[in-house]
Amino acid sequence: MEEEFPTISLLGIDFNLSNILMITVTCVIVLLIAIICTRNLQRRPTGKQNFIEWVMDFVRGIINSNMDWKTGGRFHVLGITLLMFIFVANMLGLPFQIAINDEVWWRSPTADPIVTLTLAIMVLGLTHYYGIKMRGFKHYFVGTYFSPMKFLFPLKLVEEFANTLTLGLRLYGNIFAGEVLLTIIATQLAHMNIFVGVLAIIPALLWQGFSIFIGAIQAYIFTMLTMVYMSHKVSDEH
């Protein structure tokens, strides 16, 4: 299924305006959720404060399952941000897509491999940064790439590349496939008669619910793997 997207060229580089729009919308939604849920904080949380505290506890559990809190606590905000950003991004294209003049403007930004691979590269870059910052360049480099045996260095480089690729493409593949199937179902419904179309709405809603579940799972997996990779870089035990 070939899709066209609005683009603009700047200094010889093409920018996808749909991605820019949807990433901006995602950031605004996440920011609004954070502001709304943290206004008028109380010692005994109620209502919307319960939600944000649940998210914080959930991410804390992910971190504690991979490293001690003394080391991993500094990545708490990173984990919360990734979880909420990816979940919201995954959900944006599920209800509908908006196309103007055959150009898609509204869809999940995580249905584009450029976006997901950029996220993966950012995450892996941060793991190297904190590994060097917390362990020192020499200790980090030798411990990561030449331990326990020096001849494993090429395999370590392949592992770094594979981790980046799989982290980004796993997220992209699941979200893109879900949106493609929803588009196919919606197209088929549009060509059915009224009676058959009403009956077909049921499996369409079921697939919509399943896609929400997949989007939530992918946000969790991405955040979990981020903390796994981070623990490998900042902890001497790994």
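The model is a prediction in which local features require pLDDT of at least 70 and side-chain atom pairs count only at pLDDT 80 or more, whereas totals for chains, interfaces and linings use all residues. Residues are numbered from 1 along each chain as its sequence is written, and side-chain values use heavy atoms, with hydrogens and water left out.

The secondary structure of the chain comprises eight helices and four strands, where helices (H or I, at least four residues) and strands (E, at least two) are DSSP runs numbered from the N terminus. In order from the N terminus, the elements follow the pattern β-β-α-α-α-α-β-β-α-α-α-α. Of the 238 residues in the chain, 38% are buried; buried denotes under 20% relative accessible area, exposed over 50%, and partly exposed the range in between (1.4 Å probe, protein chains only). Among contacts (heavy atoms within 4.5 Å) with a separation of 6 or more, 69% link residues 24 or more positions apart.

The UniProt record lists residues 17-37, 80-100, 112-132 and 194-214 under "transmembrane region"; its positions are given in the numbering used here, feature names are shortened, and annotations may be inferred rather than shown by experiment. In the model, residues 80-100 are 62% helix and 14% strand, with the end C-alpha atoms 34 Å apart. For residues 112-132, the corresponding content is 95% helix and 0% strand, and the end C-alpha atoms lie 31 Å apart.

The largest nonpolar core contains 37 residues, of which Met67, Phe75, Ile86, Leu167 and Phe222 touch the most other members. A nonpolar core is here a set of buried Ala, Val, Leu, Ile, Met, Phe, Trp, Tyr and Cys residues joined through side-chain atoms within 4.5 Å. Two or more residues are given to this core by each of helices H1 (17-38), H2 (48-64), H4 (76-92), H5 (113-135), H7 (153-190) and H8 (194-234). The most is given by H8, with nine residues. Because domain 1 (1-39) and domain 2 (48-232) both give residues to the core, it lies between them; the domain bounds come from an automatic or database domain assignment. With neighbours within four places in sequence left aside, Leu167 is in contact with Ala120, Val123, Leu124, Phe222, Leu225 and Tyr229.

Asn19, in helix H1, counts as buried at 8% relative accessibility. Beyond its neighbours within four places in sequence, Asn19 is in contact with Arg107, Pro109, Asp112 and Val115. Asn90, in helix H4, is buried with a relative accessible area of 1%. Asn90 touches Ser108, Thr110, Leu171, Ile175, Gly215, Gln218 and Ala219, not counting residues up to four places away in sequence. Thr71 belongs to helix H3 (residues 69-72) and counts as buried at 16% relative accessibility. Apart from neighbours within four places in sequence, Thr71 is in contact with Met134 and Val234.

Lys233, found in helix H8, is buried with a relative accessible area of 5%. Not counting residues up to four places away in sequence, Lys233 touches Thr127, His128, Gly131, Arg135, Tyr140, Thr144 and Glu160. Lys233 and Thr144 are 89 residues apart along the chain, and their C-alpha atoms are separated by 7.2 Å. Thr144 is one of the buried residues of helix H6 (residues 137-145), together with Tyr140 and Tyr145. Viewed down the axis of H6, the buried residues fall within an arc of 85° (taken over the directions from the helix axis to the C-beta atoms), so they line one face of the helix.

Met56, by contrast, counts as partly exposed at 31% relative accessibility and is placed in helix H2. Met56 touches His76 and Ile80, not counting residues up to four places away in sequence. Met56 and Ile80 are 24 residues apart in sequence and 6.6 Å apart in space, C-alpha to C-alpha.

Cys27 counts as partly exposed at 39% relative accessibility, whereas Cys37 is buried, with a relative accessible area of 7%. A search of the whole structure finds zero disulfides, a disulfide being a pair of cysteine sulfur atoms within 2.5 Å.
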